[in-house]
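Thanks for coming. I have one structure to go through today, so let me put it on the screen.

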Amino acid sequence: MKRIAVLTSGGDAPGMNAAIRAVVRTAAYHDLQVFGIYRGYQGLIDGEVAELGARSVGGIINRGGTILRTARCKAFYEKEGRAKAADVLAQHGIEGLVVIGGDGSYRGALKLHDEHRIACVGLPGTIDNDIGGTDFTIGYDTALNIALEAIDRIRDTAESHDRVFFVEVMGRHSGYLAMMSGIAGGAEEILVPETPTSIESIVDHLRVNREKGKQSSIIVVAEGDDAGNAIQVAKQVDALANIPNSRVVVIGHLQRGGTPTAFDRVLASRLGVRAVEALMEGTTEKMVGINANNVVLRPFEEAWTCRTQFD
């Protein structure tokens, strides 16, 4: 294998740049040509491909987002779109592809391999930590710490004013970020998509707390909770509990951006190195993950068949 490419797909996550850097510099170390594909699969279809060298990725390990940018691509869901993408790779002589993203990005890579025999290896880049086959995803630790800092700040105000705060964090299908930030932040309630939410139970807990003299509470809500988002949950609770002056804080996309933590930088670097080595070994249809602090290779399918669940 002489030429490989790297792209980022789906939502951005802190540490993606560190992963890109590791892929490019590892490829350069092994005398491989490496190309960056801009704007994910859409950029691949459109031919937005440029060669990268060690200097191309200088000074990016500490930057959030992705220098390759990212985009959703409906055309890649169709065979015609994937065929066009394969043609672009062939035109540049690219034999292997590193895909940094979530399980949707992996599904696309798997189809690209099955239909056009392109060697594909994935790196888990998503703040939700919702991919099976790896203990942690690139960007999760940074997002967790951002959410936790917000919760800590909000608690100061909640206690000062005897208020209940509903704090919404990201997680449409996974409550891992909500669960961990809620536990670390000492939240009184944590609502996640994996388990049904009882508004009546929340109201009962708040009443018991007030009877014990506790007037302030933090309720962490994953955006995809079955009872609704934080605003909807707050309205339902307020209607039953008659809570005065409750507040809603939506952390939102603040969790995606910003300087990645040391953990995410090191994780991304380790996984990026292994991705290039895997392609050189002839590996395909695999994702690179971390398990018990060991870098491992897992089938793409584990990303969506082995998700973390809460009991």
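I will take the sheet, then the helices, then the pocket.

Before that, one caution: this is a predicted model.

Start with the sheet. It is open and has four strands, in the order β7-β8-β6-β9, and the pairing is parallel. At the edges sit β7, residues 189–191, and β9, residues 247–250, and each of these pairs on one side only. On average, neighbouring strands of this sheet are turned by 20° against each other, with direction ignored.

Look next at β7 with β8, the strand of residues 217–222. These two pair in the parallel sense over three bridges.

Helix α6, residues 176–184, packs on it and touches β6, β7 and β8. The direction of α6 makes about 170° with that of β7. Helix α8, residues 230–241, lies across β6, β7, β8 and β9. Against β6, helix α8 runs at about 155°.

Next, a helix pair. Two packed helices are described by the angle between their axes and the distance between the axes. How do α3 and α4 cross? Helix α3 covers residues 79–91, and its axis comes within 10 Å of that of α4, with a crossing angle of roughly 75°. An angle of 65 to 115 degrees counts as roughly perpendicular, and α3 and α4 are therefore roughly perpendicular to each other. On the α3 side, the contact is made by Lys79, Arg82, Ala83, Ala86 and Leu89. From α4 come Lys111, Leu112, Glu115 and His116. By class, the residues of this contact divide into four nonpolar, one polar and four charged.

Helix α4 also brings us to the last item, the largest pocket. Its volume is about 850 Å³. How many residues line the largest pocket? The lining has 36 residues, and Gly10, Gly11, Arg72, Gly104 and Arg172 are the ones that lie nearest the centre. Which element supplies the largest share of the lining? That is α4, with six residues. Both α4, residues 103–116, and β6, residues 164–169, supply at least two residues each. In composition, the lining has nine nonpolar, 14 polar and 13 charged residues.

To recap the links: α4 packs against α3 at roughly 75° and gives six residues to the pocket lining. Strand β6 belongs to the four-stranded sheet and supplies at least two residues of that lining.

That is what I have.

Note on methods:
Residues numbered from 1 in each chain as written. Predicted model: local features only at pLDDT ≥ 70, side-chain atom pairs only at ≥ 80, totals over all residues. Heavy atoms only, no water. 1 Å grid on protein atoms, 1.4 Å probe; cavity = no way out; pocket = protein on both sides within 12 Å on 5 of 7 lines; lining within 4 Å. Points joined across faces, edges and corners; volume = space filled by probe spheres on them. Nonpolar A, V, L, I, M, F, W, Y, C, P; charged D, E, K, R; others polar. Pairing = 2+ DSSP bridges. Axes fitted to C-alpha atoms, helices over the stretch in contact; angles between N-to-C directions. Contact = heavy atoms within 4.5 Å. Parallel < 35°, antiparallel > 145°, perpendicular 65-115°, else oblique.
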